[in-house]
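These entries record what I looked up in the structure shown below. I took contacts, cores, cavities and an annotated site in turn.

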Amino acid sequence: MLSKLVCKRVLNHGLRLTTRAASASTQQVVVNRKPEVKYQKLFINNEFVDSLSGASFDVINPATGGVIAQVADGSEKDVDRAVKAAKNAFRLGSEWRRMDPADRGALLYKLADLIERDRAYIAALETYNNGKPFKDSYNIDIPHCIAVLRYYAGWPDKINGKVLPVGGDFFSYTRREPVGVVGQIIPWNFPMILLCWKIGPSVVTGCTTVVKLDEHTPLTGLYTAKLIQEAGFPPGVINILAGDGPNCGGSIVKHPDVQKIAFTGSTHVGKIIGAEAAKLVKRTTLELGGKSPNIVFADCDLDNAVEMSHFALFFNQGQCCCGQCCCAGSRTFVEEKIYDEFVQRSIERTKRRKIGDPYDESTEQGPQISQEQMDKILDLIDSGKKSGAKLVAGGRREGDKGFFVQPTLFADVKDDHQIAREEIFGPVMQILKFKSIDEVIERANDTEYGLAASIFTKDLDKAIVVSNGIRAGSVWVNTYDNFDPAAPFGGFKQSGLGREKSEFSLDSYTETKCVTIKISERNS
Amino acid sequence: MSSTDSKAPNVEIKYTQIFINNEWHKATNGKTFAVINPSTGEEICQVEEGTRVDVDKAVAAARKAFDIDSPWRKFEPVVRGNLMRKFASFLRRDVDYLSRLETLNNGKSVEDSKGDIFLLPIVWTIIIDAGWVDKMVGETIPGAHDQLIYTLHEPIGVCGQIIPWNYPILMMAWKLGPALACGNVIILKPAEQTPLTALYCASLFKEAGFPLGVLNIIPGDGPECGNAIAVHEDIDKIAFTGSVEVGKKIQEAATKSNLKRVSLELGGKSPLIICEDADLDYAVRVAHQAIFSNAAQKCTAGSRTFVHSKIYDKFVARSVELAKNRVVGDPFDASTEQGPQINASQFEKILNYIESGKSDGAKLECGGERVGNKGYFIKPAVFSNVKDDMKIAREEIFGPVMSVLKFDSYEEVIKRANNTSFGLAASVITKDLTRGLTFAQQLQAGSVWVNDYDAVCNQAPFGGFKQSGHGRELGRYGLEGYYEVKTVVVKLI
């Protein structure tokens, strides 16, 4: 009953990623298992164009391993074309630069409405290309996109500067101006969501952008390009390319006319991008990997803790800066007193996790994104087995078609095991034991990452002390993966630079200009 | 000059009752009052007359809607925002009907009520406030190491809102926007002269899907109905736009009863200063609109036009010409620029001021007489040779009377401009950067416009210095009057 109510709220308001939402029924929606791929070209200046080289690349359905589309392969010359379009749209006196701020917001509201109109199709296409269960695309990803765009749509007319209390006969104020042409490189794990997290602040602040979709998952981004055109954005304001990292992405990073780079992806690539961008002093924000600690105290609500910890890791096939997800709760520290019980319940839950056809109503876990990722995950599982950690569920590939990996659970993991230190980005959960608060805070912080963390406890004091102590950009207490658009998200340490969503995301898309005018006499 | 015979299209009046809990009610005491068409002086319809008992009913409904367990309190902020945007979309949908109804009841020319000029900004006020719901933040504040300190911005509660007749829909939007964005519930009393568009908008509010009791509208007069709101022990805040005289009464009543929070937006006697380096034609046009638009029924009316002696005579001559050519007549006629004044009492008052101007020794250059013999139309009047101590230069007329005063020095004119108990708006027309910015700083007014007039925009705060009121409306500043700040300190033990 409670889960139905929560589902309804998520469906209506699409704000939070919660495990309960994933169980919402999609039976009333006609599920399109083979959505038509309509847009496969690069989107530059509001037009769909072939790559200048004529090249294209294959797009794979990770549930089958089969090719589902050929998409234009953008490279250096296409980037140049797109940047020219973005630069032209940004010139002084252009339609975009002269547009009333509230009208920029109106365009985002319109785009959100169009995505809402086409929700079922886009969700089906996202599943087709990414492999995430359709009920997640439909109930979580797309509603969240809509909510984020509507959140951002309210900002343009609210970006105020300040009048400053300076001395002397001066009138001094700040303007928050758009930083200019931005380059935005997004990954494959949440294609639609990350596209919206990126174009939102760019449009709000009046920048123009060149977005590079990940080469694994370009299809929904290119469909969204069509909606961007339909919504009425002026040409060149949002350009969307598909292509690889080194050539296409690299060209964006190196391009002298791109003022700012926003990248979401691995820490390894993030460092390369950051270093390259530094050569031209480009403003850079990075949202990178994580090895997020999930700390479960003995005084928690155990049912909630087990379920949320499971979700924290396994959501999105583990491909979440959390799971297949950058913020995956991939080190679950459990207090000694409840350790055995927690492990037992987690084993049951993990074994119950339904893996299979992402269009199946009952599926909780789809395939990993690619052969390469799957191999990497299986290697790390091997290292876990060899290290002495106890494999208590899963541990192998599932089936022989597509890139499915069994939900895998290791208990008795030690801090120095590879599976406890390296980001796996797959459905592999690690449980470690701890005794005291100080100890667990120190161990939780013993990582070069710092993206997220969670704490399960009923004790108010513990919640505050531990959240104060953990070096992570998002700390969740008695919940996980809460991604309200009004809340900032980003990493400490090598998990990244800068914040996304919320008013804090706007800082990196604006430049502050201070104007000082001499006047004949100033009075307070 | 267009005819004052009304070409009013048949405008159907759909709602004439009291709106409480999303339902329409008759007045408890069974009385109704007449609503007049100022273009003809004739009755449009009868509207239920709310009194103290109806206010009590509305407060009970609003209080229930504000209960901590109510749907309205439990809504996620974004849901409030979505409802507000839906309401705005209905305003936009019904723009033609609303502008005709506004013109019928208020007399503003259909040119002025027209959707793209007038109603779109109203729609945007609501949309912009709707965008604030998920962006209002409290703060965490660094305290001692064993403390978590933060602030919450909470809705105040039941807000009484009393609005005037000069911009019925606009004033309603300015009030509803921030109150709803902050999660409050509302008792709104439209002016007894112009209740019709507010009641129609209530139907749109219900259609948008707001919960019961969030908005309640009680048509009625000031002394009985408005006063009941001001003294009510269970209303948490009152916002009033209207005259200084009534504003003072309201603040007194509000304070004596239960110290309810008060915000006031009152009158003005706003100075417009035309410097010698101004582009004369531009200045004349700006000054003309500054006083005469909306039949001069504006709190911001630029009713003291200070002109530098070097350009004074030319300025007066060109202003007179413009005033003579101003088309006064049936507001439904597309060529009309100026409709009637709102009612007989205002009409009399304005004519009296014109008489006083003459008897005080100012020179009536043109206009000032009634137009036609139906409705309340007055020809725009221009007085030259006005002195600071004349009644027409000191008191708010709220009618089409331009007073042109001469000045020689800029130091002197600032002092004269500030020599008033009002402080709502001010303007300076000049090409000189330093002078413009210096005046902006030295003029004692809540809005100062350089090389423009009535430059009111939805994101920027609007309100008065001195007796023109206190508190601000619009934009982020406008929200401040609609939330209470709570400081929470959690001690770690």
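**Entry 1**

I began with the contacts of Phe233(A), setting aside neighbours within four places in sequence: Phe233(A) touches Asn46(A), Trp96(A), Leu107(A), Leu108(A), Leu111(A), Val203(A), Ile228(A) and Ile238(A). I note that the model is predicted.

I then looked up the largest nonpolar core, which has 217 residues. Phe233(A) is one of the residues that touch the most other members, together with Ile115(A), Ile240(A), Phe87(B) and Phe210(B). Helix H7 of chain A, residues 134–153, supplies the largest share of this core, with eleven residues. A second, separate core holds 29 residues, including Ile354(B), Phe383(B), Ile397(B) and Val401(B). As background, I recorded that nonpolar side chains tend to be buried together in soluble globular proteins.

**Entry 2: Cavities**

I searched the whole structure for cavities of 30 Å³ or more and found twelve. Strand E10(B) gives the most, with four residues. By class, I listed six nonpolar, seven polar and five charged residues in the lining of the largest cavity.

For the second largest cavity I noted a volume of about 100 Å³. Of its 19 lining residues, Lys198(A), Ala262(A), Thr285(A), Arg499(A) and Glu500(A) are the closest to the centre. The elements of chain A that give two or more residues here are helix H8 (191–205), strand E9 (260–264) and strand E10 (283–287). This lining divides into nine nonpolar, six polar and four charged residues.

**Entry 3: The annotated site**

I consulted the UniProt record, an unreviewed entry, which places the feature "active site" at Glu265(B).

Is Glu265(B) buried or exposed? I assigned Glu265(B) to the buried class because its relative accessibility is 3%, and the cut-off for that class is under 20%.

Technical notes:
Residues numbered from 1 in each chain as written. Chains lettered and ligands numbered in written order. Predicted model: local features only at pLDDT ≥ 70, side-chain atom pairs only at ≥ 80, totals over all residues. Heavy atoms only, no water. 1 Å grid on protein atoms, 1.4 Å probe; cavity = no way out; pocket = protein on both sides within 12 Å on 5 of 7 lines; lining within 4 Å. Points joined across faces, edges and corners; volume = space filled by probe spheres on them. Nonpolar A, V, L, I, M, F, W, Y, C, P; charged D, E, K, R; others polar. UniProt positions renumbered as here; feature names shortened; annotations may be inferred. Buried < 20%, exposed > 50% of the residue type's maximum accessible area, 1.4 Å probe, protein only. Core = buried A, V, L, I, M, F, W, Y, C linked by side-chain atoms within 4.5 Å. Contact = heavy atoms within 4.5 Å.
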